[in-house]
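Reader: I would like to learn how to read a sheet and the parts around it. Please take me through one case.

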Amino acid sequence: MHVVVAPHIDDCVLSMGGRLLAWQARNLDARVVYVFPLSTWTNPDAPAAEAGSRHVPKIRRREAMTASELLGFEARFLDFWDCADRGGRRDQIRKFLMTGKPVYMGHRMLPAIRRRLSHHMKAATNIYFPIACGENPHPDHVILRDIGLEHRRAGLPVAFYEDLPYAAAGTPEHTVPDDVLSQLAPVDEVIDLDAKLELSQTFASQVSDAWLDSVRSHALALGGHEPVERVWA
């Protein structure tokens, strides 16, 4: 089974959608584990933006379930809060009242993520984590990259995907620390770009036309005449 570890609801399809579609065509088993799916933010330029609403976590979860049904893969939600929502104590109480989910912080959060992720690693033949690139790598992506490196050092079959749309603004060669990138090599796979872009529109609260343009331009910049997705393995 392929396991894709996604920080947020839209990351798996924006970054790995071409491969997910290819796995579906080959009847391969896949599971996406969403680590930080709880958020009150939506992209203001997206068609169904609804920032700040208490309904946002449910909207985003519904989008993820729609994508999983279209692809036929398993979706699992660890229900940690996005870094922007892990605020002060008053914010944490408010978030808990919204969803009933505790807001893990600092030294409590990392062990909890490691423990809950380990359950999903057991049946995996290949595991994909974000490489956390871009001009300003998202803190949640960096957390998961570091956990992915821990799993890789432990001998698990871990690769790292170029997280979009961040990768379009700053590729791993320019933004990922040298001591990380020196352990890895790029592996490209030709994808059905049109199908990936269509699938990405499932995330109507997040994915804007600008994001889709970034996904398109990055795939073509990497592949030239044929669009590709790149992982580092």
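**Reading the sheet**

Author: Strand β5 (residues 158–161) and strand β7 (residues 228–232) run antiparallel and are paired over 2 bridges. Two strands count as paired if DSSP finds at least two bridges between them. Strands (E, at least two residues) and helices (H or I, at least four) are DSSP runs, numbered from the N terminus. Within this pair, tyrosine 161 is opposite valine 231 in β7.

Reader: What should I know about the model and the numbering?

Author: The model is predicted: local features need pLDDT of at least 70, side-chain atom pairs count only at pLDDT 80 or more, and totals for chains, interfaces and linings use all residues. Residues are numbered from 1 along each chain as its sequence is written, and side-chain values use heavy atoms, with hydrogens and water left out.

Reader: What is the order of the strands in the open sheet?

Author: The 7 strands follow the order β3-β2-β1-β4-β5-β7-β6, and the pairing is mixed. On average, neighbouring strands are turned by 25° against each other, direction ignored. For such angles, axes are lines fitted to C-alpha atoms, for helices over the stretch in contact, and angles run from 0 to 180 degrees between N-to-C directions.

Reader: Which strands does helix α1 lie across?

Author: Helix α1 (residues 11–25) lies across β1 (2–6), β2 (30–34), β4 (126–130), β5, β6 and β7, at about 105° to β7. β1, α1 and β2 also form a right-handed β-α-β unit. Right-handed means that, with the strands pointing away from the viewer, the path from the first strand over the helix to the second runs clockwise.

Reader: How do β1 and β2 pair, parallel or antiparallel?

Author: They are parallel, with 5 bridges. Alanine 6 is opposite tyrosine 34 in β2. β2 also runs parallel to β3, joined by 4 bridges, and there the bridge partner of tyrosine 34 is phenylalanine 77.

Reader: How many residues of β2 are buried?

Author: Buried means under 20% relative accessible area, exposed over 50%, and partly exposed in between (1.4 Å probe, protein chains only). In β2, 5 of its 5 residues are buried. Ala30, Val32 and Tyr34 are on one side, with Arg31 and Val33 on the other.

Reader: Where is proline 137?

Author: Proline 137 is in the loop between β4 and α5 (139–153). Proline 137 has 30% relative accessibility, so it counts as partly exposed.

Definitions and conventions: Contact = heavy atoms within 4.5 Å.
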